[in-house]
Structure formats: structure tokens, C-alpha cells
Amino acid sequence: MRVLFVTYPEKIMFLGMVPLAWALRAAGHEVRVASQPGLNDVVTEAGLTAVPVGRDHGLYRVLGIEPEKLAAARAGFPKPYDVVDVPRKRIWTYLNKGYDFAVTWWHKMENVPMINPLVKFARHWQPDLILWEPTSFAGAIAAKATGAAHGRISWGLDVFGMARHHFLEVMNRQPAERRDDPMANWLGGQAERFGAEFSEDMITGQFTIEQIPASLRMPAPGIRYLDLRYVPYGGRATVPDWLRRPPERPRVLLTLGLSAVERFNGYTVDLKQILGSLSELDIEIVATIADRVRDELGTLPDNVRAVSFVPLHALLPTCSAVINHAGFGTLCTTALNAVPQLALPVHFDEPRLAASLAGQGAGLTIHSNEATGDLVRDHLVRLLAEPAFREGSVRLRDEMLAMPAPSDFVGELEDLVSEHRART
């Protein structure tokens, strides 16, 4: 098969695709990764072939949003996707206007620069399968233009599928003359440009590859989900010397993700205060802190090892607990190592994921707005002292290990492509 991955040029969205891309190549299939040119180095660093399409767009730059003004946008879901958490907003005016806003100021802005060159490449290369992350609708358009099978590969909770379910449910209760559908209008117009017609799979895929274990998910009715075990990949990595020695005290990792500093205006908790409170405990703290933030913190407590990066899959087996932001990759890597987690969420699906994690007994959560040093310390003491959290983490780990590994999953994709060929 020829398999084309399509992603917006955000590193965190791409990283979760890599192990499946490796597995497809190892099985003898051809793989390409299409994105804007800015992602080229990240793709090729993973040993994959990059296909630059369009131009480097820079959504936040184009919109003229300064980093310090993004703080409010980080909290929870943007409209209309916040309807998954706020039932009172599941009304027609809010959903319709919300989708119109999201299409105009998000999805078009991300996808339009990629559409024409992506379709041109797809028509040249003729992929059998296109896998796209849930906001890269250009991938679905290219699939329509070429007749390829296609599906989404998730990087978090399926907020997009669930919001779409609520939209359709409410829209179908409206009189026919009021059933305006901004997503269908836009994607349908794009499909017509390339000789095809709109269908709902342009929004939610013919299937969705889901890497979050079932106990933590938010599945949308009517969507075909395929289980894929999460395999950690964080880019180029080297195991430092200090990590080759067993810790002398319980080791706790504090990590708050890449995008907080790379994309936004820094961390949303008071790191200095939290590290000060944790210094009262007889533990070793490994804190991954961006260099520019590290310089602002001054002298750190003696039990803190501050590093800009360390490969989580190498570090986590040595940890007794993890304090994190409940980001998809960090949470899943931690869960795969059966380590109890204290989540300090703020962005997009992080609060929802953190709540589900705590509900499964695999950790605790404090919203970052409430995360004082004393509260973090007291919650961490519980994680380290109460065996139930370790037991819950082991259950979650076992659930993940029961999911098909990428090497086992390739055959399922081969069957899906065969089914698609038979239908078309």
C-alpha cells in the first residue's frame, strides 16, 4: 500500500503518528508525511519522508494574536467544541454560530494553504490510504479527490466527533429551511472543486484510530473506532549518565509539556512555589523546564534536578510518581509505565482527561488555576503513600497493553483498504 499521513505542522500532533508510520514501513508499505514545510525537519528526524505542501502559515501569527493574549484561549475547549462539557450550550444558535466561527477562524486558516498542493501530490502519488489528524481536513479532501480510503488518527479525546454528534442531533430537529451546516458547506464546496461530493466522513473519517484506552475516552456515537496501543515517541533522545543509576530516594517527575512555552506564554502554575513546597519532602525531583523559564527561577532546591529535556520513556520506569499537565503524550507514556499521576490541567482536553484518570484511580488532579505549592505537595504525598493509586495505574497499564501494537494493527489497515477497494 501507499499510505499518506497528513498533519497540521504542530509537533505534538505528529509525534503520535510516528510508531504507526514505522510499523507500516516495516511491513513493506510506502509511507509519506504531508504537512507545511515547517515540519520537514521533525518528520525527517523520525526517519520518515516529508512532503511539504503549501507554505508555512503560522495560525497565531496570521491572526495577530500575541502570546500573552493566548492565556484565555488555553482554558478548556474553544467554541463550539465546548458543548461537550456544557450541555446548556447545545442549542441551535450557539452550535451554528460556533461552527461558523471555527470554520472561518480556525479550520480554513489551517487547511486552505495546504489543500491545492496536497490534492496535486495525492493525484500524482495515488495513495491507497490517507490518515489525517482530526483538524487536518485537507486530508479528507485529498481522499475524496483521489478515491483513497481515509481515517483520522487521534491525539487526544474525540472532542471533534462528539461536538459533531451534538450539532447533527440539534440540526435535525430544526425546520429544513434553517438547517445551515457551516462545516458541510465549506467541505462540500472543496469536494466539488475536485469532482466529488460532501459526505460526513470528511469531518469524522471513515474510521478513527484511537490510542487512548477505552476507560479514559469520550467516544462519539456512530463513529467507528479502532484501538491502537500508544507507543511513546518524543523525537531525538539520548539517555543521560545520571539516569543509568537507580535513584536513592523516590523519584518524582515534574513536566508540563512542550506547547506551554513553545506555543503559549509559559507555564500556568507557579513553578518556584511548587518546587519550594516539594523541597520539604524526602524525594528526588526531576523537573523538565524550558531554558528561558529555568533562568527566571533562580536558585532551585537541592533535591531538584532541572533539565530542558529527558526522554520520558527512559525516565518513567525509574519514577514513583509524575506531576504533569495531562497532555495526551505525557499522560499515555506515564500510564504505559504504571506510574501514578498528579495532573495540573488547563488546555483543551486536559481537564477532561485528568478527571477520567482520577476516576480510574490512577491519579489525582488539581486544576492549574488552583495548584498552590502546598496543595500539590499534599496530593503528591497521597500518591506516594497510598497503594490504591499504584494499583489503579497498573490496571490502566494492563488495559493499554491489551490494545493492538502498531505491528499488529497494520493488518487491520490492510483489510480496511481491501474493503474500500471492493466497495468502490
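1. Helix 12 and helix 17 are oblique to each other in this predicted model, where angles under 35 degrees count as roughly parallel, over 145 as roughly antiparallel, 65 to 115 as roughly perpendicular and the rest as oblique. The axes of helix 12 (residues 271–278) and helix 17 (residues 373–385) cross at roughly 45° and come within 8 Å; such axes are lines fitted to C-alpha atoms, for helices over the stretch in contact, and angles between N-to-C directions run from 0 to 180 degrees. Helices (H or I, at least four residues) and strands (E, at least two) are taken as DSSP runs and numbered from the N terminus. The crossing of helix 12 with helix 17 is right-handed; a crossing has this hand if the near helix is turned clockwise from the far one by less than a right angle, and is left-handed if anticlockwise.

2. To this contact (heavy atoms within 4.5 Å), helix 12 contributes Gln273, Ile274, Ser277 and Leu278, while helix 17 contributes Gly373, Asp374, Val376, Arg377 and Leu380. By class, these residues of helix 12 and helix 17 comprise four nonpolar, three polar and two charged, where Ala, Val, Leu, Ile, Met, Phe, Trp, Tyr, Cys and Pro count as nonpolar, Asp, Glu, Lys and Arg as charged, and the others, Gly among them, as polar.

3. On the basis of the values, residues are numbered from 1 along each chain as its sequence is written, and side-chain values use heavy atoms, with hydrogens and water left out. As the model is predicted, local features need pLDDT of at least 70 and side-chain atom pairs count only at pLDDT 80 or more, whereas totals for chains, interfaces and linings use all residues.

4. Helix 6 (residues 92–125) meets helix 9 (residues 182–193) with axes that come within 8 Å and cross at roughly 25°, and helix 6 is therefore roughly parallel to helix 9. On the helix 6 side the contact is made by Asn96, Tyr99, Asp100, Val103, His107, Lys108, Asn111, Ile115 and Asn116, and on the helix 9 side by Pro182, Met183, Trp186, Gln190 and Arg193. The residues of this contact of helix 6 with helix 9 divide into six nonpolar, five polar and three charged.

5. The axes of helix 6 and helix 8 (residues 159–171) come within 10 Å and cross at roughly 135°, which makes helix 6 oblique to helix 8. The crossing of helix 6 and helix 8 is left-handed. The contact involves Trp92, Leu95, Asn96, Tyr99 and Trp106 of helix 6, together with Phe160, Ala163, Arg164, His166, Phe167, Val170 and Met171 of helix 8; by class, it has nine nonpolar, two polar and one charged residues.

6. The peptide bond from Lys79 to Pro80 is cis, with omega near 0°, and Pro80 lies in the loop between helix 5 (71–74) and helix 6. Gln126, although not a glycine, has a positive phi of about 55°, and Gln126 is found in the loop between helix 6 and strand 4.

7. Seven strands form an open sheet with parallel pairing, in the order 3-2-1-4-5-6-7, where two strands pair if DSSP finds at least two bridges between them. Strand 3 and strand 7 (225–227) stand at the edges with a single partner strand each, so one side of each is left without a neighbour in the sheet; the twist averages 30° from one strand to the next. Strand 1 (residues 2–6) pairs with strand 2 (residues 30–35) over five bridges in the parallel sense, with Val3 opposite Val31 in strand 2. Four bridges join strand 4 (residues 129–132) to strand 5 (residues 149–153) in parallel, and Trp132 stands opposite Arg152 in strand 5.

8. Strand 2, helix 3 (residues 40–45) and strand 3 make a right-handed β-α-β unit; the crossover has this hand if, with the strands pointing away from the viewer, the path from the first strand over the helix to the second runs clockwise. Helix 2 (residues 18–26) lies across strands that include strand 1, running at about 170° to strand 1, and helix 19 (residues 406–423) lies across strands that include strand 7, at about 150° to strand 7.

9. Six strands form an open sheet in the order 10-9-8-11-12-13, and the pairing is parallel. Strand 10 (304–307) and strand 13 (363–365) are the edge strands, each pairing on one side only.
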